[in-house]
Amino acid sequence: MSQVVSSALEQEYRDTFPESANHFQQGRETFPSGVTHDARYLEPFPVYVHSATGSRKQTVEGRELIDYWMGHGSMLLGHSHPAVVAAVQKQAALGTHYGACHESEMRWAEWVINLVPSAERVRFVNSGTEATLMALRVSRIVSGKTKVIKFAGHFHGWHDGLIPGADAPHDTGSYAMPGVTDSVMGDLVIVPPNNLAALEQAIDEHDPACVFVEATGGHFGAVPVRGEFLLGLRELTERKGVILVCDEVITGFRVHPGGAQGYYEFVPDLTTMAKILAGGLPGGALAGRADLMAALEFDNPHGKKMKHPGTFNGNPLSAAAGIAALEIVSTGEPCSHASEVARRLRTEINEVFARKNTPWVAYGEFSAVNILPNYTGPRPESDDFIPHDNQLEMLDINFDRKLTSAFRMALLLNGVDFFGWKAMTSAAHSEEDIQQTVAAFDRMIDRLRDEGLSE
């Protein structure tokens, strides 16, 4: 096992979470690197969770943590929301998979069409990765073109067609991705984020089938995208006759009941969704213009049908959870509450950094809190703050592994579980959660200074 941090901090972490350490040792004998998702990997070991309710989860040691992973962003309503639990329990007793069409899939789709401006037709899949893969293939069928454009740092799932360029090429200077062939890479054009001039040049040069964009910027706003850019992007792609695919896997139903497109009032051609869509259960969807979605129809006007099976597409259990969640989301209250909690956290964490004279900064928008260490620029004067605003590439960085481990361990010891250097808030987070989190950051800075890892 790698020992990235060997210190008093690590020893206290080991003493506090001994059962998690034992579970991880067993997990390493079962899973590659002991985990089932790259982001859950933590050195010397991750905590193991037994249960979760509201904004908090309980480790196998019985320690309570304020949760800012929130099911990788899928739990806007909080863990084990009573309405979602009741819907899932009721449906489980009726059947989890009919191998047939059912009323719940229609009700689920109706919520999507009612809430999402671009949704004229819907097709359910099982994840965000499947949704973006479908969007890519539909765009190619309809347009008759091959190449696709994406923005550097934007993540659209882990399939071959779009995973390159999800992170900046820090080490090699290349967007090449292990296991992705040169021929597949040759169909992908990666342009700088937030740069309409570069995008227009790439469209003119490559004549793509479509353009993909993460609605609030790479990795839910780590490198932010503003509304003006999205409106300009919509105008440019319309003028050029290029399909615009808006990836709302994270932002969908989170920043607004209608997603980022509902908030900023623009209508993409296709929209990918997952996470909150299924109320925290597995599920995704592609929605968009009826003429484009016709590529999935038998005997369609395009003369070619996209083949689309999928054992668990629109399954009754995910549909039940999705219906229950979207009905609550439709009020707008969960979105606004989560965004207000995140705003408070950004403001009060920055006050901690300023008071302790720590060169770190918190930033973000909606229900996201991003932490940037070793920041020497101007301090935020308002919540509409972007560090390195004129050099956004400086936000797409590789964080030091030793610092990352120490940061997360120090917060975990103080009862806070951050999603790496990010937090996603929920409708379940409370004033008490805010105050405990801010206090945890205060103590975390002291611990990192003791370790010689922060000024």
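Glutamate 43 is buried in this predicted model, because its relative accessible area of 5% falls under the 20% limit. Its side chain meets that of arginine 401 in a salt bridge, with an N to O distance of 2.5 Å.

- Across the whole structure, 25 salt bridges are found.
- Aspartate 207 and lysine 145 form one of them, and their closest N and O atoms are 2.7 Å apart.
- This pair links distant parts of the chain, 62 residues apart: aspartate 207 is in the loop between α7 (196-206) and β7, and lysine 145 is in the loop between α5 (128-143) and β5.
- Aspartate 207 is partly exposed, with a relative accessible area of 43%, and lysine 145 is partly exposed with a value of 26%.

- Glutamate 200 and lysine 240 meet through their side chains in a salt bridge of 3.4 Å, N to O.
- Glutamate 200 lies in helix α7 and lysine 240 in helix α9, so that distant parts of the chain, 40 residues apart, are linked.
- The relative accessible area is 26% for glutamate 200, which is partly exposed; for lysine 240, also partly exposed, the value is 29%.

- An open sheet is formed by 7 strands, in the order β4-β11-β10-β9-β7-β5-β6, with mixed pairing.
- At the edges stand β4 (121-125) and β6 (188-191), each of which pairs on one side only.
- On average, and ignoring direction, neighbouring strands of this sheet are turned by 20° against each other.
- Within the sheet, β7 (residues 210-214) and β9 (residues 243-247) pair in the parallel sense over 5 bridges.
- Glutamate 214 stands opposite aspartate 247, a residue of β9.

**Helices against the sheet**

- Helix α4 (residues 103-115) packs on the sheet and touches β4, β10 (270-273) and β11 (284-288).
- The direction of helix α4 makes about 120° with that of β4.
- Helix α9 (residues 227-240) lies across β5 (148-151), β7 and β9, and runs at about 170° to β7.

Methods. Residues numbered from 1 in each chain as written. Predicted model: local features only at pLDDT ≥ 70, side-chain atom pairs only at ≥ 80, totals over all residues. Heavy atoms only, no water. Pairing = 2+ DSSP bridges. Helix = DSSP H or I, 4+ residues; strand = E, 2+ residues; numbered from the N terminus. Axes fitted to C-alpha atoms, helices over the stretch in contact; angles between N-to-C directions. Contact = heavy atoms within 4.5 Å. Salt bridge = Lys/Arg side-chain N within 4 Å of Asp/Glu carboxyl O. Buried < 20%, exposed > 50% of the residue type's maximum accessible area, 1.4 Å probe, protein only.
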